[in-house]
Structures are given as structure tokens and as C-alpha cells.
Amino acid sequence: MHGTSRGARRAPAPEERKLDPARSRRLLLEAAMDEFSEKGFAGARVQDIADRAGLNKQLITYYFGGKEGLYRELGREWLRREATFNDPALPFEELLARYLRAAFDDPRGIRLAIWQALTGEVGDEPREDLSDMRRRQAAGELADDLDPAAMLLMCYAVVSAPATMPHAVRQIFGIEPDSPEFRERWEQQLRRIVRHLAT
């Protein structure tokens with residue numbers, strides 16, 4: 001650290017440069033998802049992310065341009081992941097079940113979204129596109145008297161509830177929200193509800 005002014009960007013140490021850059025990026029993204037989902041953007045510290053990843057915190061600036069760039073990259077990661085299972089050609093029941101399984105498999109994304117909502121960390125995001133919901137309604141997958149916007153918000157709530165209210169799952173169902181029993185039961189009920197929404 002001698003000769004380096006505080007806050008100045010320094011090159012990674014030689015042993016850090018030997019690490020595979022893709023692996024380093026992946027470790028930082030995983031650690032960032034853990035920290036941001038536990039503490040939100042404001043509460044997460046760059047040093048804690050680096051410590052969790054087992055890397056020097058300067059690599060966050062080196063690879064992502066800083067904390068905000070790392071945070072934004074997590075959003076892009078989610079969009080890439082979502083593209084692997086979001087198929088508009090699927091029946092609505094199956095599509096919603098896929099979102100539910102993704103939330104069960106990694107609830108950190110849901111927790112991060114809740115932090116964003118509670119702390120106002122959501123930026124100027126565009127209004128949600130309801131065209132797919134309207135198309136599904138026209139095709140008879142949703143009854144005519146249902147509001148597509150209200151239905152989409154309810155879908156968000158149903159998918160996120162196990163991750164955002166695990167205590168309620170325990171109180172109401174008497175089982176753990178991440179147990180195979182609850183996962184199967186919740187998905188089965190979600191599918192039944194969606195079938196009831198059709199015309």
C-alpha cells in the first residue's frame with residue numbers, strides 16, 4: 001500500500017492476476033448476490049463482498065467499475081437467466097411454475113427485489129409490458145373480467161411469498177418453505193389457481 005493514495009485504483013496483485021478472470025467475476029457476482037440480498041445496496045459493503053469471494057476488493061472496480069456496476073451486472077445476470085425459462089409459447093400455468101421453481105432454487109433474487117422496493121433503490125424502470133398478459137387473456141387463458149395488471153401483480157406475490165414470508169409458511173403450513181413437500185404442494189396449488197382463472 002506504500003505510495004498508493006487512498007481511494008486510488010491499483011492493479012490487482014500478481015497472484016490475483018493468475019486467477020481465471022471469468023472465475024473471479026463469477027466469485028464476485030455470487031458474493032455480491034449474497035451480500036445485496038441480505039443487506040440491500042446501501043447496506044452491502046464492497047470489502048464484505050470481496051472477503052466473501054476471497055478476492056481483493058480492487059477487483060470489483062477492475063471488473064465492474066465499482067459497487068454500482070456490480071449491482072447492475074446482477075440485474076443483467078437475472079435477465080440472462082430469465083431468458084432460459086421464459087418462453088411466451090408455454091401455457092400460463094407452466095410459465096408461472098417455471099418462475100416459481102427459479103425462485104425456490106435461488107430465493108436471493110426475490111430478496112434483492114424486496115430490498116429494492118423497500119428502500120427505493122429501484123431506479124427509473126420502464127412500465128411493465130402487459131402485452132403477453134393481454135394476449136393470453138384474448139386466447140382464453142385468463143377470464144375476460146380479470147385485469148391483466150392486477151393478475152401480473154398477483155403472480156409476483158404468489159411466486160415471491162415463500163421467500164419473503166417464510167415465517168408465514170411455517171405458521172400456516174407447519175413445514176419449512178424450502179422443503180420438497182412445501183415446494184410440491186405450493187406449485188400444485190398455483191397450477192390449480194391458474195386453471196381457475198381461465199375462461
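This is a predicted model: local features need pLDDT of at least 70, side-chain atom pairs count only at pLDDT 80 or more; totals for chains, interfaces and linings use all residues.
1. Ground rules. Residues are numbered from 1 along each chain as its sequence is written. Local features need pLDDT of at least 70 and side-chain atom pairs pLDDT 80 or more, while totals for chains, interfaces and linings use all residues, and side-chain values use heavy atoms, without hydrogens and water.

2. The annotated region. An unreviewed UniProt entry places a "DNA-binding region" at residues 45-64; such annotations may be inferred rather than shown by experiment. The chain there is 75% helix and 0% strand, with its end C-alpha atoms 15 Å apart. Helices (H or I, at least four residues) and strands (E, at least two) are DSSP runs numbered from the N terminus.

3. H8 against H9. Helix H8 (residues 131-138) packs on helix H9 (residues 148-164) at about 110°, the axes lying 9 Å apart. Angles run from 0 to 180 degrees between N-to-C directions of lines fitted to C-alpha atoms over the stretch in contact. H8 is therefore roughly perpendicular to H9 (65 to 115 degrees). Met133, Arg134 and Gln137 of H8 meet Pro148, Met151 and Leu152 of H9, with contact meaning heavy atoms within 4.5 Å.

4. H9 against H11. H9 and helix H11 (residues 180-197) pack at about 170°, with axes 11 Å apart, so they are roughly antiparallel (over 145 degrees). From H9, Met151, Val158, Ala161 and Pro162 meet Phe182, Trp186, Leu190 and Leu197 of H11. This contact has 8 nonpolar, no polar and no charged residues (nonpolar: Ala, Val, Leu, Ile, Met, Phe, Trp, Tyr, Cys and Pro; charged: Asp, Glu, Lys and Arg; polar: the others, Gly among them).

5. The largest pocket. Its volume is about 2,200 Å³, the space filled by probe spheres set on the grid points. A pocket is an open set of points on a 1 Å grid where a 1.4 Å probe fits, with protein on both sides within 12 Å along at least five of seven lines; lining residues have an atom within 4 Å of a point. Of the 50 lining residues, Trp78, Leu79, Ala113, Glu125 and Tyr156 are closest to the centre. H5 gives the largest share of the lining, 11 residues.

Notes:
Angles under 35 degrees count as roughly parallel, over 145 as roughly antiparallel, 65 to 115 as roughly perpendicular and the rest as oblique.
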